[in-house]
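Hello,

Here is the structure I promised to hand over, with the sequence alongside. Please have a look at it first, and then read my notes below.

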Amino acid sequence: MIMKKTILTGIRPTGNLHFGHYFGATSNWVKLQEDYECFFEIADVQALTDNFNNPEKVRKNVYELTIDLLSVGIDPKKAHLFIQSKIPEIAELTVFYSNLVTMARLYRNPTVKTEIAQKKALFGNDGESVTYGFVGYPISQAADITALGGTIVPVGEDQLPLIEQCREIVRKFNSIYGVTLTEPEHLLSPTPRIKGLDGKEKMGKSLGNALYLNDSSEIVQQKIMNAVTDPQKIRKDDPANPDICMVYYYHKLINNPNLETVCKECKNGTRGCVACKKELIQKIEDFLSPIRDKRKYYEDHPEEVQTILEEGTKEAKIRAEETMKKVKASMKIDY
Ligand code: TRP
C-alpha cells in the first residue's frame with residue numbers, strides 16, 4: 001500500500017471565511033483532500049497570540065470557521081479538522097524548539113517583521129506591547145507542522161518565511177539530537193492574492209473590503225453595487241477599461257461563462273455598470289447557494305460539528321503522540 005503524503009495547514013479562527021480565503025486557499029484544500037492525508041488545523045492558540053484579551057471572539061470563531069470549512073466542501077470523511085489547543089504536544093514541542101531559535105532570527109523573519117510594523121503603526125507605540133508569544137509564533141507554527149508529521153504545507157506567499165523557519169528548526173533539531181523530524185515543503189497557493197471590492201491588492205477583514213461566504217443576499221447586493229469600477233466611466237454607454245474594474249475582476253474570479261461578452265461590451269460601451277453588477281450578483285448568488293445550504297445544515301446540527309472536530313482531533317492526537325515519543329527519545333528526556 002502506498003502511504004499518502006501528509007498535508008498540514010492551518011487557519012486562525014478570528015472571523016468568517018471571505019472570498020479571499022476561499023479562492024486563495026480553501027478551494028484548493030478541497031481538491032487536496034482527494035489525494036493527500038490532510039490535517040486542517042483551527043489555530044486557536046495562534047489566534048490568541050494577538051487576541052489573548054478577546055477569548056470570546058476566538059471561541060466563537062472556532063465553530064464559525066469549522067462550519068465555513070464544511071460548507072465549502074471540506075469533507076470529514078476525507079480530511080481531519082482539529083483544534084490546535086486540544087493537542088498539548090504542540091505546546092510542548094514549542095518549548096523544546098524555542099531553544100533552537102535565536103531572538104535575532106525571530107525578529108528577522110519577514111512575516112513577523114511586517115506584522116510588528118503593522119502593530120506599531122496601528123497602536124502608535126514603539127513596539128513595547130509586542131509580546132513574547134507573538135514574536136515566537138513561528139516556533140509554535142513549526143510545532144504545528146512537525147507534530148502532525150506534515151511534509152507538505154499549502155500556504156500563501158506571506159507565509160513562506162514561516163515554512164523556511166520551520167525547515168531551519170528541523171535541520172537544527174536533527175543535527176543536534178539525531179535525525180528525527182522531516183523537513184516540510186511548502187505548496188504555494190495556485191491563486192495568489194484576491195483583491196478587495198475597493199480595488200486594494202488584498203481582501204481583508206480589517207480592510208473592510210471583503211465579501212464573505214456567509215453574507216446574506218442583501219449584503220452581497222449592497223457590496224457589489226458599491227464595488228469600484230472604472231472612474232472614467234460616467235454614463236452608462238461610455239466605453240470603459242475592465243482591467244481596472246472590480247466588477248469585471250469578480251466576474252472573472254467566479255468563472256462567469258459569459259466573460260468574453262462582459263469584456264467586449266464594457267470596452268465598447270454597450271454595457272452599463274448597473275446591469276453588469278446585477279449580472280454579477282446573480283452569478284455570486286448561484287455560487288453561494290450550495291454553500292449556504294450546507295451552512296444551514298451544520299447550523300441546524302451543532303452536535304455533528306462537535307463530533308467532526310472531536311474525531312479529527314483524535315486522529316491528530318495519535319500523530320502528535322507518535323512524534324512526541326520520537327522527539328523525547330532523541331532529546332534523552334524519555335524517562
Ligand atoms: N499562520 C497561518 C495564517 O495566518 C495559519 C497557520 C497556523 C498555519 N498554523 C499553521 C499555516 C501551520 C500553515 C501551517 O494563515
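Let me begin with a pocket: helix 4 gives the most to the lining of the second largest pocket, with five residues. Helices here are DSSP runs of H or I with at least four residues, strands are runs of E with at least two, and both are numbered from the N terminus. Before going on, please note that this is a predicted model, in which local features need pLDDT of at least 70 and side-chain atom pairs count only at pLDDT 80 or more, while totals for chains, interfaces and linings use all residues. Residues are numbered from 1 along each chain as its sequence is written, and side-chain values use heavy atoms, with hydrogens and water left out.

Back to the pocket. Its space comes to about 410 Å³, and 21 residues line it, with Thr 94, Tyr 132, Gly 133, Gly 136 and Ser 140 nearest the centre. Two or more lining residues come from each of helix 2 (44-49), helix 4 (88-97), helix 5 (103-108), helix 7 (132-135) and helix 8. By class, the lining has 13 nonpolar, eight polar and no charged residues. (Nonpolar means Ala, Val, Leu, Ile, Met, Phe, Trp, Tyr, Cys and Pro; charged means Asp, Glu, Lys and Arg; the others, Gly among them, are polar.)

A word on terms: on a 1 Å grid over the protein atoms alone, a pocket is an open set of points with protein on both sides within 12 Å along at least five of seven lines, a cavity is a set where a 1.4 Å probe fits but cannot get out, and lining residues have an atom within 4 Å of a point. Points are joined across faces, edges and corners, and a volume is the space filled by probe spheres set on them.

Now the ligand. It is surrounded by 13 residues, the closest being Glu 41, Gln 46, Gln 141, Asp 144 and Gln 159 (a heavy atom within 4 Å counts as near). A nitrogen atom of the ligand is 2.8 Å from an N or O atom in the side chain of Gln 141, and for Glu 41 such a distance is 3.3 Å; a polar contact is a pair of N or O atoms within 3.5 Å. The shell has five nonpolar, five polar and three charged residues. Strand 1 (6-11), helix 8 (137-147) and strand 4 (152-155) each supply at least two residues of this shell.

The search of the whole structure also finds one cavity of 30 Å³ or more. About 100 Å³ of space lies in the largest cavity, whose lining of 14 residues has Lys 233, Cys 245, Cys 266, Cys 273 and Cys 276 nearest its centre. Helix 13 provides the largest share of that lining, three residues.

Finally, the protein chain as a whole has 14 helices and five strands.

Best wishes

Conventions: Polar contact = N/O pair within 3.5 Å; in protein donor to acceptor, adjacent residues only side chain to side chain.
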